[in-house]
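This briefing goes through one protein model, from its overall build to single residues. Please look at the sequence and the structure before reading the points below.

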Amino acid sequence: MSEPAYHPGLEGVIAGETAISTIAGGSGLRYRGYAIEDLAREASFEEVAYLILHGELPAAAALKDFCSRLAAAAPLQGEVLDFMRSVPRDTPIMDFLRTAASALAHFDAEAVDTNSEAQLRKAERLLAQFPTVLAAQRRIQQGKEPINPDPQKSFAANLLWMLRGEEPSPQLERAMDVSLTLYAEHEFNASTFAARVITSTLSDLHSSIAGAIGALKGPLHGGANERVMEVLQEVGTAENAEPWIRQALAEKRRIMGFGHRVYKEGDPRARFLKPLCQELAVETGHEEMENMAEVIERIVVEEKGLPPNLDWPSARLYHYMGLDVTIYTPLFVVSRVTGWAAHVIEQMENNRLIRPRSRYIGPEPRPWTPIAAR
Ligand SMILES: CC(C)(COP(=O)(O)OP(=O)(O)OC[C@H]1O[C@@H](n2cnc3c(N)ncnc32)[C@H](O)[C@@H]1OP(=O)(O)O)[C@@H](O)C(=O)NCCC(=O)NCCS
């Protein structure tokens with residue numbers, strides 16, 4: 001029998017079917033058939049989240065009900081807040097979100113119910129709860145009181161409100177809304193695939209989301225947006241950008257925020273976000289960092305042929321919004337939970353256990369050696 005083909009990192013392998021999103025022709029991204037540029041330009045994140053979870057854009061009444069359900073689920077139980085206060089202050093927020101995905105299951109009456117309607121209700125609750133958890137944990141770390149969610153505000157404005165305790169400007173609200181839309185879903189990326197593998201054993205939604213957060217945390221995936229900001233802070237000035245990047249490339253360093261497993265011609269999400277990032281840089285007086293980023297981008301493209309991915313502009317966007325770098329990857333979670341949950345539901349509805357094979361490269365068969373003879 002001939003050996004099946006081996007593809008390290010499953011590169012180029014079709015590992016399942018999905019109706020949720022597609023990277024059309026390797027260059028454009030569509031959620032449920034809609035181009036992300038149209039969604040980012042025209043729709044609110046709430047509409048996009050509804051589309052991803054429920055399959056269609058909501059009519060006005062359905063959107064209103066959806067927003068009411070999110071607002072009702074957003075406040076945290078006292079026990080959850082007490083638990084958050086008991087966690088060491090220096091716990092990375094991303095680690096805490098992974099814990100929270102697990103802990104919230106204990107307070108969800110439908111935690112073990114894997115039927116699609118229950119999974120959807122739980123997904124909406126997690127979508128509502130993660131912003132509150134993220135903002136409350138950040139404020140507890142800073143020695144401040146958590147701020148209650150405001151049901152009158154949009155998803156993006158409420159998130160900024162709970163984090164900063166001040167009304168966001170329309171520009172900041174829009175920038176957050178667009179970044180949430182762009183981060184919401186991305187077919188079979190590593191964290192989504194991890195969620196689908198967990199679901200394929202018929203495990204529950206909260207377990208799949210906890211696993212997905214663990215996968216997202218790594219610097220080759222969601223963790224890249226925090227590393228991008230560390231790099232820009234290390235470079236420091238526009239003047240230093242060219243010598244810094246040339247030396248980094250000469251040392252064969254991996255430049256965070258560049259390259260992508262699928263988008264070899266450029267990430268359409270990064271292309272969309274760049275002008276918004278430039279506008280916000282001017283509005284918030286961050287032109288120097290924008291110039292620095294431009295020099296680095298030009299040289300990485302010229303020298304390596306590697307275009308930027310979404311994390312390159314989004315890290316700057318969050319910085320210009322005055323947000324702390326430790327919450328950049330957690331913000332990705334707040335948005336991507338929609339995509340993960342939709343994949344969990346899709347996997348469960350048409351399940352086959354995900355169990356590939358490996359190519360064995362270990363020792364040849366050998367005889368047993370008793371311990372006294374080793
Ligand atoms: C995302 C990523 C893991 C995809 O990588 P991949 O498909 O596995 O591609 P490879 O790692 O095999 O890279 C192919 C070549 O490009 C180089 N390369 C890829 N991304 C690079 C980067 N960001 N900086 C420098 N070189 C890079 C590799 O060194 C390799 O070069 P080689 O053939 O001379 O060894 C990779 O581009 C990366 O590490 N990027 C930085 C992290 C990041 O921004 N992640 C967020 C992704 S949305």
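Helices are DSSP runs of H or I with at least four residues, numbered from the N terminus. By that numbering, Ala210 is placed in helix 10. The model is a predicted one. In total the protein has 16 helices and 3 strands.

**Overall build**

- The radius of gyration is 22 Å, close to the 21 Å that the globule rule gives for 374 residues, so the protein is as compact as a globular protein of that length.
- Along the principal axes, the C-alpha atoms fill a box of roughly 70 × 55 × 50 Å.
- Of the 374 residues, 51% are buried.
- Among contacts with a separation of 6 or more, 74% are between residues 24 or more positions apart.
- The protein has an accessible surface of about 18100 Å², and carbon and sulfur atoms account for 52% of that surface.

**Helix 13 and helix 14**

- Helix 13 covers residues 268–284 and helix 14 covers residues 287–304; the two pack at an angle of about 150°, and their axes are 8 Å apart.
- On the side of helix 13, the contact is made by Lys274, Cys277, Gln278, Ala281 and Val282, and on the side of helix 14 by Glu287, Glu290, Glu294 and Glu297.
- By type, the residues of this contact between helix 13 and helix 14 are 3 nonpolar, 1 polar and 5 charged.

**Helix 11 and helix 15**

- Helix 11 (residues 224–235) packs against helix 15 (residues 311–320) at an angle of about 70°, with the axes 8 Å apart.
- Angles of 65 to 115 degrees count as roughly perpendicular, and helix 11 and helix 15 are therefore roughly perpendicular to each other.
- Helix 11 brings Ala224, Asn225, Val228, Met229, Leu232 and Gln233 to the contact, and helix 15 brings Asp311, Trp312, Ser314, Ala315, Arg316, Tyr318 and His319.
- The residues of the contact between helix 11 and helix 15 divide into 7 nonpolar, 4 polar and 2 charged.

**Helix 5**

- In helix 5 (residues 93–103), 8 of the 11 residues are buried, so this helix is largely enclosed by the rest of the structure.
- The buried residues of helix 5 are Ile93, Met94, Asp95, Phe96, Leu97, Ala100, Ala101 and Ala103.
- These buried residues pack against helix 4 (78–86), helix 6 (116–141), helix 10 (205–216) and helix 16 (328–349).

**Residues of helix 10**

- Ala210 has a relative accessible area of 15% and is buried, the cut-off for buried being under 20%.
- Apart from its neighbours within four places in sequence, Ala210 is in contact with Arg98 and Ala101; Ala101 is one of the buried residues of helix 5.
- Ala210 and Asp95 are 115 residues apart along the chain, and their C-alpha atoms are separated by 9.9 Å.
- Ser207 also lies in helix 10, and at 30% relative accessibility Ser207 counts as partly exposed.

**Glu288 in helix 14**

- Glu288 has its place in helix 14 and counts as partly exposed at 42% relative accessibility.
- Leaving aside neighbours within four places in sequence, Glu288 is in contact with Gly236, Thr237 and Ala238.
- From C-alpha to C-alpha, Glu288 and Ala40 are 26 Å apart in space, and they are 248 residues apart in sequence.

- Leu10, a residue other than glycine, has a positive phi near 55°.
- Leu10 is found in the segment before strand 1 (21–24) and is partly exposed, with a relative accessible area of 45%.
- Lys252, a residue other than glycine, has a positive phi near 60°.
- Lys252 is found in the loop between helix 12 (238–250) and helix 13; Lys252 is exposed, with a relative accessible area of 74%.

Terms used
Residues are numbered from 1 along each chain as its sequence is written. This is a predicted model: local features need pLDDT of at least 70, side-chain atom pairs count only at pLDDT 80 or more; totals for chains, interfaces and linings use all residues. Side-chain values use heavy atoms; hydrogens and water are left out. Axes are lines fitted to C-alpha atoms, for helices over the stretch in contact, and angles run from 0 to 180 degrees between N-to-C directions. Contact means heavy atoms within 4.5 Å. Ala, Val, Leu, Ile, Met, Phe, Trp, Tyr, Cys and Pro count as nonpolar, Asp, Glu, Lys and Arg as charged, and the others, Gly among them, as polar. The radius of gyration is taken over C-alpha atoms; the globule rule is 2.2 Å times the number of residues to the power 0.38. Buried means under 20% relative accessible area, exposed over 50%, partly exposed in between (1.4 Å probe, protein chains only). Accessible areas come from the Shrake-Rupley method with a 1.4 Å probe; for residues, only the protein chains shown count as cover. Angles under 35 degrees count as roughly parallel, over 145 as roughly antiparallel, 65 to 115 as roughly perpendicular and the rest as oblique.
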